[in-house]
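Keep the structure open as you read.

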There are 2 protein chains.
Amino acid sequence: VISEARLIDRFLAPFDRGTRVAIGPGSDCAAIEVARGQKLVSTTDALVEGAHFDWRWFTPAQVGHKALAVNLSDLAAAGAQPRWFLCAVGMPPSGAARLSGIARGMARLAARHGCALIGGNFTASKEWSITITALGEAPRPRSRIGARKGDSLFVNGVLGAATAGLASLRAGARQAVKAQLTPVPLVEAGLAARGLATAAIDVSDGFLRDLLRLCDASGVGVEVDCDALPIGPGATLDQALSGGEDYALLFSVPPRHRRAFRGVEVGRFVQGRGVKLFQNGQPRALPRSIGFDHFA
Amino acid sequence: VISEARLIDRFLAPFDRGTRVAIGPGSDCAAIEVARGQKLVSTTDALVEGAHFDWRWFTPAQVGHKALAVNLSDLAAAGAQPRWFLCAVGMPPSGAARLSGIARGMARLAARHGCALIGGNFTASKEWSITITALGEAPRPRSRIGARKGDSLFVNGVLGAATAGLASLRAGARQAVKAQLTPVPLVEAGLAARGLATAAIDVSDGFLRDLLRLCDASGVGVEVDCDALPIGPGATLDQALSGGEDYALLFSVPPRHRRAFRGVEVGRFVQGRGVKLFQNGQPRALPRSIGFDHFA
């Protein structure tokens, strides 16, 4: 068994010091300076053993990567530049050996996006959980509200690959499947869409479910061309429509920005409610399950 | 079983909308505006079933209160004005009935300090956990670094009462003990100490342990007069010295501000390292355990 102070030192070792950090990790509070003209964009997301990952399939570094990646994906949808994050770890007292690996995987992704660890917390608990709060800056952050009828629906990234990967892992495939183990948050795509996209959401719980959230929040419906969907390697159309954890980004883009937008156009927002699917020019039924709900 | 969207609606119901919130709860990211001249002060702390609370003794409202209180206590030590917070909940799918109570207790404390819920997350998990990231503003936030020899050690709040309360609960006392169940974060005391105290820490893991952290971070030692300690109702000196969860505040105050400072003066920072105790003018041995470590 190891003391909390040693745990903290071990965890902090691989991380760089951030920008505009007045008080960094190791104190009870962190203090940062938000740049003038920027809003502070914040999001929190947890990775829980059993619910989100399984030690049989994930290395500690992959768990660390994924815990931060799912948060950076939310900042990407908002069009925010990642800057800082806090990390609360719940872990069994016997689990200290995994901590350096978790920190290493997390630090590598953090360094790639210039996102600094500024604070955190350790708690003894039965199951592992890593709860990250990521902070970024954007002059005019996007939300899921703002799509209008006539806007195009664009996708960045691919759909279904993470679910296909999970199926392979469960089937005992020896090759770790990258989309499931180390999802890539599309931070640059999120920044590139600044000024062009009017609403956005990242696909964490499935294309249809997250698209429906964007539609409901914006008060519009949408028509999707299934033939245009960027389906990930090894994935079926059903996995692309309903599988979670893709961390692709969905955008609404008004007609005047359609040509400038870099991404795959897969549909059009319309008056009304809900999602309508088309395949080979014909209406197609929605799959019975439209995605992942943590509770239902 | 209840859907995630319903859980979110139910949880958000009792909360007020905050100040300078561009994007509030219900989206994947929140966006806020930090005031000019202010630093953003952030802290994260988790309340975990089994480790920090037990449903036999806590009502849901008390759990909600305490989860936020322990975070506001950190902001208080930093001298920050609480503004916003994010709340990640891990809960068993069968636990939805407790959610409204948790939200109610949390919202009451949040409203008292003008601190707005701006985001969060729900995850299905085996044990309950509530991980809050609290955000505040301060022009010059304090940390545990900055005490100098010759500074006085001041305490706001009382020591040992939470531990005495926990002992009563464990002994089956029927009266819920307030200090343990609903600790009060000393936000106003933290703000009043702006410009007077040079370093501060809140007593979450025990007076001696947290005082030692402040000393180590500041590179000084300290001499404490045990007879001056503000020992809480029902608590022994040992509980006051080593018991955790008091959420009292410890401050270093330079001689020039000593008279203006409102609090109990209990010692003096000195050259060297570590804590020396005095009782009836005589040196006193340190208790064998100096406080609570979550892992050691």
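Two strands count as paired here if DSSP finds at least two bridges between them. By that rule, in this predicted model, chain A has an open sheet of seven strands in the order 8-10-7-11-9-12-13, with mixed pairing. Strand 8 (199-202) and strand 13 (282-284) of chain A sit at the edges with a single partner strand each, so one side of each has no neighbour in the sheet. On average, neighbouring strands of this sheet are turned by 30° against each other, direction ignored.

For a parallel pair, look at strand 9 (residues 221-225) and strand 12 (residues 274-279) of chain A, joined over five bridges; A:Val222 has A:Val275 as its bridge partner in strand 12. Helix 7 (residues 207-218) of chain A packs on the sheet, and its direction makes about 150° with that of strand 8 of chain A. Helix 2 (residues 60-78) of chain A lies across strands 8 and 10 of chain A, running at about 170° to strand 8.

Now hop over to chain B. There, strand 8 (residues 199-202) pairs with strand 10 (residues 249-253) in the antiparallel sense over four bridges, and B:Asp202 is partnered with B:Leu249. In a regular strand, side chains alternate between the two faces of the sheet. Both faces of strand 8 of chain B are covered: B:Ala199 and B:Ile201 are buried on one side, B:Ala200 and B:Asp202 on the other.

Terms used: Residues numbered from 1 in each chain as written. Chains lettered and ligands numbered in written order. Predicted model: local features only at pLDDT ≥ 70, side-chain atom pairs only at ≥ 80, totals over all residues. Heavy atoms only, no water. Buried < 20%, exposed > 50% of the residue type's maximum accessible area, 1.4 Å probe, protein only. Helix = DSSP H or I, 4+ residues; strand = E, 2+ residues; numbered from the N terminus. Axes fitted to C-alpha atoms, helices over the stretch in contact; angles between N-to-C directions. Contact = heavy atoms within 4.5 Å.
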